[in-house]
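Please read it with the structure open beside you.

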Amino acid sequence: MSAANPCPASAAQGSGLDLPGVRPSAGPGSGAVSQADALPGQEPSDGDERIARLIRRQGSQSDGLIEVLHQVQEIHGYLPKPALVQVARALRLPLSRVYGVASFYHLFRLHPPTEHRCAVCLGTACFVRGGGALAVCLQRRLGLELDQAREDGSWALERLSCIGACGQAPVLLLDGVLFSALPVAAPLAAPSAAEPAAEPQGLDRWLTTLGLPAGAETR
Amino acid sequence: MVALPARERPQLRCCGASGCRHAGAGPLLAALRAAAAAGGPAADDMSAGASAALQPLEVRSVGCLRLCGEGPLLAWDGPEGTRLFGGLAPAAAAALVDQVRGVASLPLAADPALAGHQLDLEQPFFRLQRPLVLEGCGIVDPECIEAALAHGSYAQLRRVLHELSPEAVREQVRRSGLRGRGGGGYPTGLKWDTVALQPPGRRYVVCNADEGDPGAFMDRSVLEGDPHRLLEGMAIAAYAVGADHGYLYVRAEYPLAIERLRLALQQARQQGLLGQGIAGSSFNLDLEVRVGAGAYVCGEETALLHSIQGQRGTPRTRPPYPAQAGLWGAPTLINNVETFAAVPVILREGGDWYAAIGSGNSRGTKVFSLSGAIRHTGLVEVPMGTSLRTVVETMGGGDPDGGAVKAVQTGGPSGGCIPAALLDTPVDFESLLALGSMMGSGGMVVIGQGTAMPEVARHFMAFSVNESCGKCVPCRAGTVQLLALLDRCLERGATAADLEALEALCAMVKATSLCGLGQAAPNPVLSTLRHFRQEYSAAPGAGR
Amino acid sequence: MSVITLQVDGRDVAVPAGSTLLQAIRAAGLSVPTLCHLDGLDPVGACRLCLVEVEGGQRLLPACASEASEGQVIRTDTAQLQGYRRMAVELFFAEGNHVCAFCVANGQCELQDVAVAVGMDHSRFPYQYPQRSVDASHRHFSLDHNRCILCTRCVRVCDQIEGAHVWDVAERGSDCRIVAGLDQPWGEVEACTSCGKCVDVCPTGALYANEDTTAEKHPHPERAHQLRRAREHQQWLR
């Protein structure tokens, strides 16, 4: 074993940070099981073998539900309803319980992810260094509220609550890539300030260079 | 610690924790390794006659080197002691390696690639630290159990298993005066006793690594920088309370911590330090990692237990406490990362030794993460009872633009804002509570003059609305109404009636919510109302 | 059977060990308002209406989910508790869409009763007017989310008594809502036995029988308790 590198077993570098799921605001009780999805009442045409395997590997224990959902999301990018049905059956859990868990945790997505995702950190360190102004600017540009996605599936705007890059605040993640120490002109001004904070022109230009569409589009 | 004693054979320690990775530590480490390999023979080829220039150069990836805001951080240990560099680009790697080997054409101070990047290790930020929990963080390679073992990890576990009874272990923890570092400050020894003294049967030990307070990254630093210390502390705890199974519940937002923890578990099992018959004793323990999925409320212990059981992360009424009825109804010991990580040093040096550090009813050291409007963003470990001024102004360097600090936020969404006038307050559990804030897990966010305090209160309330589990009505609906009230105050300035309504609802949510999240959600509002009331009635805040 | 004694609002009372504070309060001939609690279902302590003061205790305790202990001194009706209860009821009204005048449960609604009991005639909090829907897909019953207060009685009765677990809570925070199956229309959920227990125990007009119109709902909250007694103790109460 080399003295310079005594420990060859090392964790992979640069693992990506997963982002919270964005839920397009489906009305309560909209019961959106589309025709494309397998209806829970029917036998799914062919249960996904990958999912069956990962559940077996996990021991088919119901307390592993969250672990299983993480892995299903890794396969599909989100949690499709037929997959949830398969998970519920394999773990012998009621469907409503699986749905309750899947919809409780913000990192689980119940809808396919958008093509691009912009996530702004609203942790406290980012906030006091202008993260709030950054969020407002992004909302205006993308024409989206926080944790909302465009219906055409192009962009989603998400909020993060602290990814621990506080030393580089304020930060945002664009399709999983971190951009730090963003040029936000001023933090939220105190009431005593005579003038409102200047429009962060530099920030706007900078966002354009990142490929963010300029100007709000209709939702 | 960051500075090491002088050593003949030089080595480079490159911070590989999340903060520095975000600042580009990965490419820097690769460039340093390439430069080290290019300049001389590989370490194992070293022959006795190799010249100084061809000495093998060890380049290690280590945990947090503390001054995160200057990342990526790099420590060079050599005959003159340790030098620390910040913000080096990969292109500077060759120049630095030449300096280490003593073959550079320019002196260090004149090298354009390096000059201006050297950081003063004698500054108070480093000098006033008292690393106990972070003893090995920044020194050991967190992905290498041999490094951890060489640094003393698991020595206390071995000793305890062969020499001490579980009761004797608990006795040391009781004597240490250690209190839970997750926020509540419950006496750790008492908690351990409560679990140990339950009727015979299965018990569990659980590590709460769901560090969710925005602006808090202490636990992440331990997980990423010295995971074996945590595992050792947890194993000692399991032995002391009679548990043979345990879980580490880590938030999914910490992918690197999860990887390193899983690797550490695997290495510890291979070394016989986890599993059956640990270290030749009759003690068995298996630990598993459970990954959260984005829910702040899971930091609350009963919610965390539900989440480990694969359920919605909703809290339940206590009592019964988890120490009596936790995972699957069995007595369960839950402590957070920093608490477990303090255990090995307590066993090594003795409970009384630990209790001699700190002040009043807050003993030992506490790790804080400093961020916000502050010159030195990073991680500090100081004795309990150190004043806020020492931490924020002396160590943290105050406002980066030279202005005055306005307030310090401690305790995250459950804590409050302490005004600059009260910076001489000692940082201990009781003093912070008396000011309407709390110790919390150790996040300290400095707020500059430019920030309006009602905006800060609103920021935290929006956080609580977003993170409320929705089970009980005061938190589910009360926080929504509090946010609406704050919006009204911010839009047109608060009237006396607004403030009265705000305070009445805060009192109700605080007194009647089911769990700690709801009970503490009004704290940022109440503390800013207490210390910055005039800002609520002033002209509407601009910039939102 | 061991017995413990405690004091509720100045009255001494003896109850079997293991009783809840709520049982002790009732044994003293007193009452506290409840919404999520229902005899026969496991308590959840979610509505916070039954909170009581315990002398020497730091926090208020939910009477439904707290065990009575020897020598406790309980107060159920202080001015502070009255104030908190009224605010809690106002929060319930403001977070949903409750219009008593044409509600199926008008006159038979526990939320309405509690509002009267705590002296609430209007909400000081602005109404949120959330966008909610009605699920009328079931052959016999309907679910009007506008009237749901998330007490989870339906979830618990279906899980703990009927054993079907048709219902659960989805989402979180103010987005919480009751879902059937995999967020499906109720009528399509195979697990539902159409037993109607959820409708029987619903404290408001959120769950109702299709044939009932304004003020015609006849809930049977006592059935949860009756069924549980029958199951567990072979005692049939009527």
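The points below take confidence, then chain C, then chains B and A.

1. Ground rules. This is a predicted model: local features need pLDDT of at least 70, side-chain atom pairs count only at pLDDT 80 or more, and totals for chains, interfaces and linings use all residues. Residues are numbered from 1 along each chain as its sequence is written, while chains are lettered from A and ligands numbered from 1 in the order in which they are written.

2. Overall confidence. The predictor gives the complex an ipTM of 0.97 and a pTM of 0.91. Per residue, confidence is expressed as pLDDT, on a scale from 0 to 100. Chain C has a mean pLDDT of 97, with 100% of its residues at 70 or more. For chain A the mean is 74, and 66% of its residues reach 70 or more.

3. Where to be careful in chain A. Residues 1–45 of chain A stay under 50 in pLDDT. The model still has 104 contacts beyond four places in sequence for this stretch; a contact means that two C-beta atoms, placed from the backbone, lie within 7 Å. Residues 186–200 of chain A also stay under 50, with 46 such contacts. Where pLDDT is low, the predicted coordinates should not be read in detail.

4. Dimensions of chain C. Does the radius of gyration agree or disagree with that of a compact globule? It agrees: a compact globule of 238 residues would have a radius near 18 Å, and chain C has 19 Å. The radius is taken over C-alpha atoms, and the globule rule is 2.2 Å times the number of residues to the power 0.38. Along the principal axes, the C-alpha atoms of chain C fill a box of roughly 50 × 50 × 30 Å.

5. Packing of chain C. Buried residues make up 50% of the 238 in chain C. Buried means 20 or more other C-beta atoms within 10 Å of the residue's own; exposed means 12 or fewer, and partly exposed lies in between, with C-beta atoms placed from the backbone. Among contacts in chain C between residues at least 6 apart in sequence, 63% join residues at least 24 apart.

6. Domains of chain C. Domain 1 covers 3–77 and domain 2 covers 102–233 of chain C. These bounds come from an automatic or database domain assignment. The C-alpha centres of the two domains of chain C lie 25 Å apart. Their contact takes twelve residues from domain 1 and 19 residues from domain 2 of chain C.

7. Five-stranded sheet of chain C. Chain C has six helices and ten strands. Helices (H or I, at least four residues) and strands (E, at least two) are DSSP runs, numbered from the N terminus. Five strands of chain C form an open, mixed sheet in the order β2-β1-β5-β3-β4. Strands β2 (11–16) and β4 (61–62) of chain C each have a single partner strand, so one side of each is left without a neighbour in the sheet. Pairing requires at least two DSSP bridges between two strands. Strand β3 (51–54) of chain C meets β4(C) in the antiparallel sense over two bridges. There, L51(C) has P62(C) as its bridge partner.

8. Three-stranded sheet of chain C. The order is β6-β7-β10 in chain C, open and antiparallel. Its edge strands are β6 (134–135) and β10 (207–209) of chain C, each pairing on one side only. Strand β7 (141–144) of chain C pairs with β10(C) over three bridges. Within β10(C), A209(C) is the bridge partner of F141(C).

9. Strand β7 of chain B. Five of the six residues of β7 (245–250) of chain B are buried, so the strand is largely enclosed by the rest of the structure. Six bridges join β6 (204–209) of chain B to β7(B), in parallel. C207(B) has L248(B) as its bridge partner. β7(B) also pairs with β8 (286–291) of chain B in the parallel sense, over six bridges. G246(B) is bridged to L287(B) in β8(B).

10. Makeup of chain A. Chain A contains six helices and five strands. Its pattern along the sequence is α-α-α-α-β-α-β-β-β-β-α. Of its 219 residues, 48% count as buried.

How values were computed. pLDDT is the predictor's confidence in each residue, from 0 to 100.
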